[in-house]
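Please examine the structure shown below alongside its sequence.

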Amino acid sequence: MELAERFLLDALAYLECALGVVCYVLLKLVGSPYGRYASPGSAFGLPARAAWAVQELPSLALPLLACAGAPAERLNRWPNCILLAMFLVHYAQRTLVFPFLIRGGKPTPLYAFLLAFIFCTYNGYLQSRYLSQYAVYADDWLSDPRFLTGSALWLIGMLINIHSDHVLRNLRKPGETGYKIPRGGLFEYISAANYFGEVVEWCGYALASWSIQGWAFALFTFCVLFTRAQQHHKWYHEKFEDYPKFRKIMIPFLV
């Protein structure tokens, strides 16, 4: 049974890689028709705060169940505990904090909510089950350069992501409407600083975990967020004549 599930977890990780590539191609073709790109009345919408909290919830609940449910054989090891905590901290923030900081927010289309909920269930199971039951690390993994570098990148990426979300929330003063050019932080260099932070965060997690499960998550995140970043970058240039020409899309000084 254990061998079968371990094979399943590897298969799900490779499938996540493939799905990331498919999503990249599809989103390049059709874009992400939600948020500012949604057509009025095009889809049944859910309140933004509730949709965010519920769609992210599986990636918080499943690791907690892994800790509290059946005996988690590998969670008696510090590397496994720390890596699972990285995953948990991110989704605790996205489920319990971020949604309630949203100011207004356009309704989330039902299909977008369902896709996000399914992904968070899929990936939440994949990451939490692998780390709690099957991931094996050397006794000195906490001092391994891959773990140390990955952990630092995870923390830096999370802080960039949180700070960039703060910048976006505070673009408009109370009573103001319409869109503005983001200023401050990494927005001085790229159009999608929040997405850059999240990609760095999960690349750090993947490096620290050194697993196909972790790298599959990082690849999927990049494929989805980079297409969204390209869409934002193009929209900013079309919307604002004075948009900074030197700003890159999502990776400072490169692209």
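The model is predicted. In soluble globular proteins, nonpolar side chains tend to be buried together. Here the largest nonpolar core holds 33 residues, and Leu131 and Tyr205 touch the most other members. Two or more residues of this core come from each of H1, helix H3 (78-97), helix H4 (110-134), helix H5 (145-169), helix H6 (193-209) and H7. Apart from this core lies another, of 15 residues, which includes Phe196, Leu225, Phe226 and Ala229.

The surroundings of Tyr205 can be listed in detail. Not counting residues up to four places away in sequence, Tyr205 touches Leu83, Met86, Phe87, Gln127, Leu131, Gly150, Trp154, Gly214 and Phe217.

Helix H3 also contains Thr95. Is Thr95 buried or exposed? Thr95 counts as buried because its relative accessibility is 4%, and the cut-off for burial is under 20%. A polar atom of the Thr95 side chain lies 2.7 Å from the backbone oxygen of Tyr91. Beyond its neighbours within four places in sequence, Thr95 is in contact with Ala53, Glu56, Leu57, Leu60 and Phe100.

The second largest pocket has a volume of about 160 Å³. Helix H1 (2-30) and helix H7 (212-239) each supply at least two residues of its lining. The lining consists of Leu27, Lys28, Leu29, Val30, Gly31, Thr227, Gln230, Gln231 and Lys234. By class, the lining of this pocket comprises 3 nonpolar, 4 polar and 2 charged residues.

Methods:
Residues numbered from 1 in each chain as written. Predicted model: local features only at pLDDT ≥ 70, side-chain atom pairs only at ≥ 80, totals over all residues. Heavy atoms only, no water. 1 Å grid on protein atoms, 1.4 Å probe; cavity = no way out; pocket = protein on both sides within 12 Å on 5 of 7 lines; lining within 4 Å. Points joined across faces, edges and corners; volume = space filled by probe spheres on them. Helix = DSSP H or I, 4+ residues; strand = E, 2+ residues; numbered from the N terminus. Nonpolar A, V, L, I, M, F, W, Y, C, P; charged D, E, K, R; others polar. Core = buried A, V, L, I, M, F, W, Y, C linked by side-chain atoms within 4.5 Å. Buried < 20%, exposed > 50% of the residue type's maximum accessible area, 1.4 Å probe, protein only. Contact = heavy atoms within 4.5 Å. Polar contact = N/O pair within 3.5 Å; in protein donor to acceptor, adjacent residues only side chain to side chain.
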